[in-house]
Amino acid sequence: MMTVSNSNAPLLDVRNLTIDLPRGADRPHAVEDLTFTLERGEILCVVGESGSGKSMTAHAVMGLLPKAVKVSSGVLRHDGTDVLSLPESDQRALRGGRIAMIFQEPMTALNPLMRVGDQIDEVLRYHTTLDRAARRARVVDLLASVGLPEPDQLRRSYPFRLSGGQRQRVMIAMALAVEPDVLIADEPTTALDVTTQKQILELIRDIQAKRHMGVMFITHDFGVVAEIAHRVAVMQKGKLVEIGPAAEVLNRPQHPYTRQLIAAVPHLIEHREAFGADRKPVLTAEKVCKTFHIGGGFFTPGRTVVAGNQLSLTIRQGETVGLVGESGSGKSTLGRSIVGLIKPDSGRIMFEGVDLLSLSRTAFRPYRRHVQMVFQDPYASLNPRHTVGDIITQGPIAFGEDRGRALEKAKDLLKLVGLDASAAERFPHEFSGGQRQRISIARALALEPKLLIADEPVSALDVSVQAQVLDLLEDLRHRLNLSMLFITHDLRIAAQICDTIAVMQKGSIVEIGPARDVFGNPQHAYTRQLLDAIPGKGWSIPEDVMATGRHGAALRTSA
Amino acid sequence: MTAAVITPSRRKGSGFWRAFARNKGAVLGLVFLLLVVLMAIFADVLFPTSPWDMTAAPFEPPFSEDALLGSDTLGRDIAAGIAHGARVSLLIGLTSTAVAVLIGVCLGAVSGFYGGWVDDAVMRFTELFQTIPNFVLAVVLVAIFTPSLTSIVLAIAIVSWPPLARLARGEFMSLRSREFVQAAVTTGQSNLTIIWRQILPNSLSPIIVSASLMVATAILLESSLSFLGLGDPNLMSWGYMVGAARTVIRQAWWMSFFPGIAILLTVLALNLVGEGLNDALNPKLARKGRA
């Protein structure tokens, strides 16, 4: 099965690779004329925005391309052997045997009905001749080597019992099962919390160094690149635009696209003056509590999750309050309680002197227009069957505005958020993610709210688009004197846009204060842990790139 | 990742037809169904005399001079019976499905949208209907209200709405938590507007698909009722023809064979169309393996 290693040849040698997309796609090639190598013992980061062809490249190496997508030309050599010309069975032995892959979403990559130990055992059964007992010992070894506690017990667990980080560790253990020399990691930390991400990055770096593997690490996050890359390849629309040593690409990027991407990376320290505490409060939450009861029936008690424990928070006129925390910390619950999508168990939410929680449904309705929300997923938050004009005008019409006037206003709003007024007649699916998020913002603004709740408004967007949407929100809040509650898991983004930061952990606000203090001098251990986990802390964006690139990004309104 | 690269088709209509036409069986079914509809519309032109009238000698075999598909025990033309029976079958199939969709979607929508005790109450009510065997209930209802077009339509509708209610409930429940519905809530739209304008249009595809299949079941139910002699006595129907001919099936196979074939093909055509609609309206299934 193992080919004799040809030590002169690079581990992975991709030459002039072109992958065709089916007809009717927005471009003829997913990947065009791509050439790069991966050497032993290095981590090559492949960076690019969605649709840049970075995943397609990895999938081509692993033979995972969808049926309609074909490699039309180019050579793909692993250790000197041409992979694509090998018969199917040899390719299969190579994959899993010498090239392994880990995926973005560990929950869907693992079989939910199989114990994790059996899933790793399966790999060993196909690729080695070990007997049962030896395989079991190896599984335990592997689980221990990826830092999982009590591997002998853990191997008998089902995936749903494990946390996201643990699942990703299991995936890595499975990938390492037969000692591959190439590991392809397709955004392995994107679905994870920042503290877990840090651990997984450390683990990958550690294992790579110990086993002298070549790692092809696909990511869109320059922070992660700065953290682990030896070399960096930047892809744009299927073409490789820049490749070189990490220090070179990160600090002296040559290609304009690379410069633009780096300039768009949210950067932690941006000195913002502490917000005047004398301004009038718009909204005050006092001791808001919410507990969710999950599952359970007549005979079985369900699980309870405390999503809000005595949450208190004040948002002043014109202030942006950032609510940061990891997934499940209850930050969305607070946001949703304020807009009235969730009814808290106790506490008060005072808006201009009125407790919103004490109001009945009908009495609450007039306040809805003052508190509006921008949702996370621009693909799910717009009704696919309505035109953009309809989507924006539905709110004002519900509050008694005349249809014609509402439509006029919607067109003005579209211009305000940087879209053409003609967008009103089109349907959401004709727009990109960033444009949809602009529409979503226009919808929220249509009711002329005083307070905007932004629930992870940029986390589904590419980094350069992210920067544009953040710029838009920043611009709007000054122009319209908006107050904003900005919910995010990304501290870098919070640092850029927020005056005040509230850090949440397990349903409680553990620290709250001016952004400058929270980031400059964190008091709570959890805040320090979060700050410490931000990828790419050691790297600061070069000054000249900041100046030129940011401007370039702002000009590109096509988002 | 692939989906992000490929732009969605611009014109929805043409895309739908292309997807539908990809399923050859569905097109065949649709063509046959159109023929049945034409036959029902022009029944009076094709066979001007009433299908109850004697037009030939009794027990004429098919392809005889005055009866193309033969005649029955009383000398009535089988071909005329099939043409006129198509009216009854289609009418009952479509109207009873329409009534069932109305009941099912309303209850399902309310149940799925409001959840909680409303959902519990509506679903227990639905289960009450589901625990009684469909056909038995239909027979009882028609027997109580005396067989007539209205009572048959209502009986069929009453026994066939529960699956639709469950389907609509499921759709509403999953769409209820979608962000665009929550956005509608936060922009102050009323519950009725949200149900009618936001959720319903997005939940129609599976409802249309199962309604198309339900037309077929309704036709079968009507035929079975008529077979048992519970059809509208004033209307010629396929089920009645099969039922009336069952005693002479050994001597005159054609009397039950041709109406039976009519039922079979129509139901098959409806099922094919339903499946084609399913492929066309649920693009995830239809384009499997086609990127």
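These are my notebook entries on two chains of a predicted model and on how they meet.

**Ground rules.** I worked with a predicted model, in which local features need pLDDT of at least 70 and side-chain atom pairs count only at pLDDT 80 or more, while totals for chains, interfaces and linings use all residues. Residues are numbered from 1 along each chain as its sequence is written, chains are lettered from A and ligands numbered from 1 in the order in which they are written, and side-chain values use heavy atoms, with hydrogens and water left out.

**Entry 1, the interface.** I looked up which residues are in contact (heavy atoms within 4.5 Å), and found 41 residues from chain A and 28 residues from chain B. The buried area, that is, the accessible area (1.4 Å probe) that two parts lose on being put together, summed over both, is about 3,000 Å² between chain A and chain B, and carbon and sulfur atoms give 55% of that.

I then searched for salt bridges (a side-chain nitrogen of Lys or Arg within 4 Å of a carboxyl oxygen of Asp or Glu), and the rule finds 1 across the interface of chain A and chain B. I noted a salt bridge between the side chains of Asp390(A) and Arg197(B), at 3.8 Å from N to O.

I placed Ser312(A) in strand E12 of chain A, residues 303-316, where strands (E, at least two residues) and helices (H or I, at least four) are DSSP runs numbered from the N terminus. Ser312(A) counts as partly exposed because its relative accessibility is 36%; buried means under 20% relative accessible area, exposed over 50%, and partly exposed in between (1.4 Å probe, protein chains only).

Setting aside neighbours within four places in sequence, I listed the contacts of Ser312(A) as Ala285(A), Glu286(A), Lys287(A), Ile509(A) and Ile512(A). With Lys287(A) I also noted a distance of 3.0 Å, from its backbone nitrogen to a polar atom of the side chain of Ser312(A). For Asp471(A), 159 residues from Ser312(A) along the chain, I found the two C-alpha atoms separated by 28 Å.

I counted 13 helices and 0 strands in chain B, and its C-alpha trace spans about 75 × 45 × 30 Å along its principal axes. Of the 291 residues in chain B, 48% are buried. Finally, I looked at the contacts in chain B with a separation of 6 or more, and residues 24 or more positions apart account for 72% of them.

Note on methods. Polar contact = N/O pair within 3.5 Å; in protein donor to acceptor, adjacent residues only side chain to side chain.
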